[in-house]
Amino acid sequence: MTRRRALAALSSLAGLVTPGWAIRAAYAAPEPGEVESRGLSIFGDFSEPPDFRSFAYVNVDAPKGGTLTVQPTVNSNGAFDSFNPFILRGNPAAGAAMIYDSLMVESLDERDVAYGLVAEKVRISADRLTYTFFLRKEARFHDGSPLTAHDAAFSLNIIKTEGSPVYSQLLLDLESAVAVADDILVVKLAPTRSRKLPLIVAGMPIFSKAYYTAHKFNESSLEPPLGSSGYKIGKFEAGRYISLVRVADYWGKDLPVNVGQGNFDVVRYEYYGDLNVAFEAFKSGAISVHEEFVSANWAKGYDFPAVRDGRIKRELIPDHNMSGMQGWHFNTRRAKFKDPRIREALGYAFDFEWSNQNLFYGAYKRTTSYFENSDLKAEGPPSAEELALLEPFRDRLPREVFGEPFRPPVSDGSGQDRNLLRKATELLLAAGCTRKNGVMLLPDGEPLEFEFLEHQQSLEKLILPFIKNLKLIGVNASLRFVDSAQWKRRLDDYDFDVMSIRFIVVYTPGDDLRAFIGSKAATTPGSQNYAGVADPVVDALIEKAAAANSRAELRTVIHALDRVLIAGRYWIPHYYMGAFRVAYWDAFGRPERAPRFDPGIGSTWWWDEEKAKKIHFVGR
């Protein structure tokens, strides 16, 4: 029996509360098999050294001051009525989560790695199911009251029991969170937990237990709650704006994870009911930084005086985030889509090059992998390590899996590439289809026809030319738009032929892939395996990904998985950007480089008074 268990048993038998000094003595040193760390990492890798003074992407001498005014990226066309973004009720204000600290915080240069914030260190049990966080005694809420392990335990438990499903579902395998002392939090996880759960726990907001003893947690309210971070809620007007004000005496301002960040005195979110009105506000200077999401605007919408004379700058900031699985997904539960040759043939009728040039002004790159824009993307012939994973399944896999991965065809950009349409016809005929009176018939004699199911009108301009090309090869396709409720119901019931959707894949995928491409999910109504992928080889590789013990091992497994999925022709992939499109008034200073996974605007930029005076920009 360990000294901690002995102490707990003795206290239980005696009916006593263990004194703090005894608890701290019991936790003074690791037990056999325990590992103590300054942070959390899925595979134990940290880019920053133990004695780092700041993240590598910040300017440690960045001045404080000024105002950053931006438009919310969500809820931009509606009012807000709540400052609690962690519950289901209400419409939360933009930036409301900024007021809370967490046990640990991720670097914007790394994924699945967190460094100590409120927690100075963490001790991990040998079975990696118990995490003991040691909190900094100097941590404080904005009213000066101590932030303790009791607050952290309260926060995790109330999010799990009363939080929005977006958050509570993440904590399903959190078995307990208990404060054994003011500065010691013990978290226990279920054996079935995902390998990212410790990072999720460490990144959850810490609320004041005292505040929510006097206030209801699961209730929308516009009373600014008590926070603890470098910002607190300042002036606001529901439906118009909210200001986050820098806390000058913030307790954690000198910690390495905060140095050079949080430089603006005020971060203000302006609400507009129309995107065009918001853009006009940016042009007038009411908004100081604008991230552009519309290719046509980026190409044609910036020919106005402030851009021409250099007062407004435009820049593509590299984005190293995985782009996600965006594309048209076939419902392979339908008999017409059972043959991968038919699915591949239909993809030849989509002219990406024409669409990119004529609809998106050449802004995008073609997606070719399920793990695009990451080191998990399969490229070239498989390595020896990949072959070792794939070889046992050789008799179940297409030959191409053991060579170069398939890439979507590149057209001549005409919008109607005859060579590709001829190739599509050849594939269909090879799959047993026949063409009669201009109509492509399936092997069973039924016409090859299908419906695109959509709920975003913006995709119509992309789909209609595709439908026109399909008609040229005898395939009759149609487009149906439905409202959000019908969209969800039909997807949940797999009541569609083809639909477009984007999956966001985590940086370190594992058992979470079961929901997207696992065989069990394929027959579970409401799952996200919309394509109906049901392949024992895919299932086996998912399990190997979940069991990977290093990034290198995971990379090998996902490369092999990517090859199998690509060969399955389950989708017609769309496109991705690979950069953040940012326009800004030239009144800001920036570090030499942006973080890898974020443009760093609110976190690392700063107000430059001399630049602002030079262009007569006062901000808001």
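Predicted model: local features only at pLDDT ≥ 70, side-chain atom pairs only at ≥ 80, totals over all residues.

**Helix packing and a sheet**

Helices α18 and α19 are roughly antiparallel to each other, because angles over 145 degrees are assigned to that class. Two packed helices are described by the angle between their axes and the distance between the axes. For α18 (residues 536–547) and α19 (residues 551–568), the angle is about 165 degrees and the axes lie 9 Å apart. The crossing of these two helices is left-handed.

Which residues make this contact? On the side of α18 they are Val-537, Val-538, Leu-541, Lys-544, Ala-545 and Ala-547. Helix α19 contributes Glu-553, Leu-554, Val-557, Ile-558, Ala-560, Leu-561, Val-564 and Leu-565. Sorted by class, the contact between α18 and α19 comprises twelve nonpolar residues and two charged ones, with no polar residue.

Attention now turns to a sheet. Three strands form an open sheet in the order β13-β24-β14, and their pairing is antiparallel. Strands β13 (289–291) and β14 (312–318) are the edge strands, each pairing on one side only. From one strand to the next, the twist averages 25 degrees.

The pairing of β14 with β24 (residues 579–585) is antiparallel and extends over seven bridges. Within the sheet, Ile-312 stands opposite Trp-585 of β24. A helix also accompanies these strands: α7 (residues 275–284) lies across β13, β14 and β24, and runs at about 50 degrees to β24.

Key. Residues numbered from 1 in each chain as written. Heavy atoms only, no water. Pairing = 2+ DSSP bridges. Helix = DSSP H or I, 4+ residues; strand = E, 2+ residues; numbered from the N terminus. Axes fitted to C-alpha atoms, helices over the stretch in contact; angles between N-to-C directions. Contact = heavy atoms within 4.5 Å. Parallel < 35°, antiparallel > 145°, perpendicular 65-115°, else oblique. Left-handed = near helix turned anticlockwise from the far one by under 90°. Nonpolar A, V, L, I, M, F, W, Y, C, P; charged D, E, K, R; others polar.
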